[in-house]
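This briefing is intended for a reader who is meeting the structure for the first time. Please view the sequence and the model side by side while reading the points below.

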Amino acid sequence: MTAGSAAAIAAGSTTAVAARSTTAIAAGSTVAVALTAPVSPAKEVGGLPAPSTVTPVGPPATTSPATTPSPAFGTQRGLATAPSTTAHTTAAASLYPFGMEGGDRECVQRMVDFNSPLFKPEIGFPFGKSLRDALYFTDNGQIIFPPTDNYVLSNPNPPPRGFSGWEDLPMVAAFWDDADFSQGVGTTWYQEYSTLSSAQDPLVHDVEAKIEKYLKTPYIAKWTLKVTWEKAPAYPSQQDDTQTSTYQAVLTTDGNRSFALLLYQDGGMRWDYAKLAEGNVLIGFSSGDGYAQNNELTQKPPAVKYRPDQHSSVRGLWIYRLDSRSRVNYRLQCLAWLDAEPAPATWNDQLPPCPCSQPQAELDPRYRRSKGAKRSPTRASRGVGGRQGVPFCSGAGVRCLYQDGSLLEGWQERAWNGELEAFDWCCRRVGKPLFCARFAEKRPRVGCEGYVPPTPAGAFGDPHITTLDGLTYTFNGLGDFVLLLASDVQTSFVLHGRTARTGTAQATNFMAFAAQYNSATTTTVEWTLGNQGDIQVLLNDETVQFSYSQGEQDMGAEVYYSPGVLLVNASSIMAVFDGAIAVSISAASGILSVVCSLPDRYRNSTKGLLGVWDHDPSDDFQMPNGTSIPVNSSEEEIYSYGMTWAVGEHSLFAQHLDSPVMNFTPIFLSQLRQENESQYQLAASQCRGSKECIYDSLSTGDALRAKGGKRPAVCWAAVSLDAFPPVITGDASLTAFRTERVRRQYRAVGVGARFVPHLSPDGTLTWEPHRTAPLTVNLEAVGSNNLSTLLQLRFTLCSCSRSQECDYSDTVTLGGSSLQVLAACRCEGGYSGPFCQDPPDPCAQGCFPGVGCDSHTGCGPCPAGLTGDGRHCSGDKGSPCSACGSRSCPEGYCSNGGHCHLHPVTCTPACACPPAFTDQRCLVAGGDFRPLPNLPRRSVQLRVRTLQNATAGEVNGTVCQPEGMGSGRGTYRHTGQHGMVSEFAYDSRSTVIRFLNDLLPGAITSAFNGKRGRREAGTHLLFQHLHRDNITDLVKLTVAELRHYFPCGLYGYKGYRLHYVGTIGFVCISPCKMGYCQRGGQCQHLPEGPTCSCLPFSIFSPTGPQCERLAVNLAAFLGILLGALALLCLLLAVTCLALRLCRRHCHRHRG
């Protein structure tokens, strides 16, 4: 069965498809299947059928094929099989439980038309080629996907010919026809199921089972909506209506695919189709982008299509696939990742901040250059960190992004793998800042506040040692030595070094290191120089096998994770313990060098050959017993000091020394100089004065080794605190309404700090938006040390027509830039459109078939023999009498062009008023309306040249008619050149005015030079290329000039004012909506103009035409005055009474 086919399979058939056959059905298919086991008839509130009781069987032999293929993409292709309508031998599908018992919410308004609230699945809903954001259902059996949150319509009249696929409102039609809940009969129910991660509801399981069974595709739902129309009456409804219909629609998606299950209650579809004014009920769907399907019942007689519960194989069950193309749903990927991530508090304890500049990040061994941002203009560094005692294998740390050397942004990460992908999904691909905000909840943002550069120490060459306080000395001891002992309240760290003789020289160099870190667990790492000059690593006495699988993508190096430590194998082999202590070992010329960096918490808590870290080098030569030697001691004294730090029996190395080192005394630099002064001066020249290099060269006799034993690439001096960039203070968020000017003040704090472009000298930034093109602005401040800092600005622009309509909580990002534009304005007063730019349109809701619509007065009268307002019509078109008999509207009942109609049940008159009027009889104005223009037409003159002789008539017939360039006429001809005038009609819409004034010449040249402009079937005329200078403006009116042609006296009501709004155009607005009446006065717009009814308050009575004057209300004033006097008298009486009682009491006491 091919994609888009429709199958109706009845039970008991004996045709070519055998029972239990497997049918592959692609996107867009409709399936109606049968059950071999009987299922009890559907009840009003049915139970879930057991999935094990349904199995597909073969198609019926009695079904005749339908021979008309659907013209729409995705519908039935070729011949489709229609369901059997003669016998009900098949089982009926039960409706899912609904109502209060099913946990549903009720949605009903006792009016002819109403809509449900908007549903907004977080993962979106794939429909056709698009991923839709929102949907709602109507009382008329529709589930609609609006283009914006403000375009919420309910058209009760389905198109007689069904869906084309290009409808303005994408929708699923469960049973689309004019329903009427206004008389208290019927209701609707709904329930939303979000199963992204939570335990699934039995209903969702059953929906998945049906899709897997009948469409033969595995499916796990992530979001499902169930809507039930219970006892829905047809229009016009009556209070005792019994001819109702009950049915359900279940929409479900896994984020990539989507389906609709339509279920109709067995025996519950009871509309009297014979009494309907039109019998155009529609079942199916249209995505609005060319993908549609009309249920095969739609083209059947009313007796069939109004009884979908009696057709298809499982009677009353139809399944549609709604998506038409595969896609990557980044919303789904982001949300699934967010749901799987634990709270940051479980893993981000003691994570470091970001370095404040890129040079700091490159010099800090706890951070490594990341390859994740390779394709972007920023450079990323990944810092490692961890909570003490928590397994470190996840790779928790911080990611810091730098642009032009300055910190742009940073955030915490829980693992190495998958973090960049998640950031890309949530913050770039989705394009909705809300998703990025949720990402930030799982990955908190970090800056460089509190960053303290680590303090490095180390040793290189024929050991030259630099302490944590920066003191440099040479120590050529032989054996195992304690380089560092460090501890705090919770942790301790030990670093040992092992030396060997440098060839035959009386000097030594490091050939192994071992480090041990103690927190909740103990971790030991050992580095040993191999025979091939490589470095071999042991972790807890086990050989480490580095792998690219975890770190290659991001770090560009081999990595190895273990609880509490991260090992990185790049140009050096580095171990980072709990993200705090970094030990980096490198090899060159057969010599190992070490760099050890400590965090600030170990200050004043270290000892060993790397010194006492207290920012005072004078005590760095402290021995284990606590005594010290001066820093200016001789080489021999320093050697004796170093030997006091020999390890002895408690070595960290897995393999202990074979025998103790005895009788080794190194040669000192002073001796080497005394032996050969000329050689010393030559070495000093080659080493550029470096004593370490001179010693290595003279002691080994190898100048190359001396140069090869240089300091490691890591900067030896700690990155000092004065190397920090300046700090920018000020609000990073700017919000503007339309084209308003917004100013923000910023300060750059730091030595010599100054701003570079974008700001005025006093630090003021001015933003005045004129369009919604993407933009990215970062403030940059530079200090006297040439280090810069960036502040990433966020711009939020509201383009709504009115400021009170702005919803700053719902935004979208434009092109990955800093600019966010409001995704949804909250329209008022019946306005619609993405920016509330469209005034109320009485034609938007649709009219009854055959009824015309005027953009000012709305739908015309119902067809002859029918009654209603032109949108809803009822009665028998074949009978001259309606339900209201011969009664009609009173003459002149509706004023100002309003249409009068009788209610089809109560027969009371009602008016459908033009947009300007706000009362029931079209007498009181006050609403907005578009003015009707009475103005010259926009006209241009075209000079076209043919490539062969042609008459003016032939040119007119070729150019004007096919191109549709308004009305045109030929004016002259000269040597193959023809002059033509094309005219275009202005109207009140700003888009039309802007197009005609600014874009018309380009549109004409593009249309003329296209394929249609070069050939015409009848004449075969060819034209030369049309250029812009071949078009001359004849009539072109500016907005100011157009004002004179748009009168606001359309209905004879004085006082309306003409306004031009950039997103709307010309609109006539009543002063009543512009605060005409002051001091709380009530405004009515009458024919003579706006009139105020002044309402008194307190002791004041507003007066004047606009209630602008205040007068004292004499009666109120006297009332208040008399009340005050009465209260004063009462207080005096109480006082006198109290005094009298007091005197009596005193007399009795004396007596």
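In this predicted model, Gln 200 is placed in the loop that runs between β11 (187-194) and α1 (202-215).

**Gln 200 and its surroundings**

- Leaving aside residues up to four places away in sequence, Gln 200 touches Thr 195, His 205, Glu 208, Ile 220 and Ala 221.
- Between Gln 200 and Lys 222 the separation is 22 residues in sequence, and their C-alpha atoms lie 9.2 Å apart in space.

**The sheet of 5 strands**

- An open sheet is formed by 5 strands in the order β8-β9-β10-β15-β16, and the pairing is antiparallel.
- Val 172 is found opposite Phe 285, a residue of β15.

**The sheet of 8 strands**

- A further open sheet contains 8 strands, arranged as β24-β23-β22-β35-β34-β33-β32-β31 with antiparallel pairing.
- At its edges stand β24 (472-474) and β31 (558-562), each with a single partner strand, so one side of each is left without a neighbour in the sheet.
- On average, neighbouring strands of this sheet are turned by 15 degrees against each other, with direction ignored.
- The pairing of β22 (residues 455-460) with β23 (residues 464-466) is antiparallel and extends over 3 bridges.
- Gly 458 has Thr 466 of β23 as its bridge partner.
- In general, the strands of a sheet pair through backbone hydrogen bonds, in either a parallel or an antiparallel manner.

**Confidence of the prediction**

- The chain has a mean pLDDT of 79, and 80% of its residues reach 70 or more.
- Residues 373-377 have a pLDDT below 50, and this stretch makes 4 contacts in the model beyond near neighbours in sequence.
- Residues 386-393 also have a pLDDT below 50, and for this stretch the model shows 31 contacts beyond near neighbours in sequence.

Note on methods. Residues numbered from 1 in each chain as written. Predicted model: local features only at pLDDT ≥ 70, side-chain atom pairs only at ≥ 80, totals over all residues. Heavy atoms only, no water. Pairing = 2+ DSSP bridges. Helix = DSSP H or I, 4+ residues; strand = E, 2+ residues; numbered from the N terminus. Axes fitted to C-alpha atoms, helices over the stretch in contact; angles between N-to-C directions. pLDDT = per-residue confidence, 0-100. Contact = heavy atoms within 4.5 Å.
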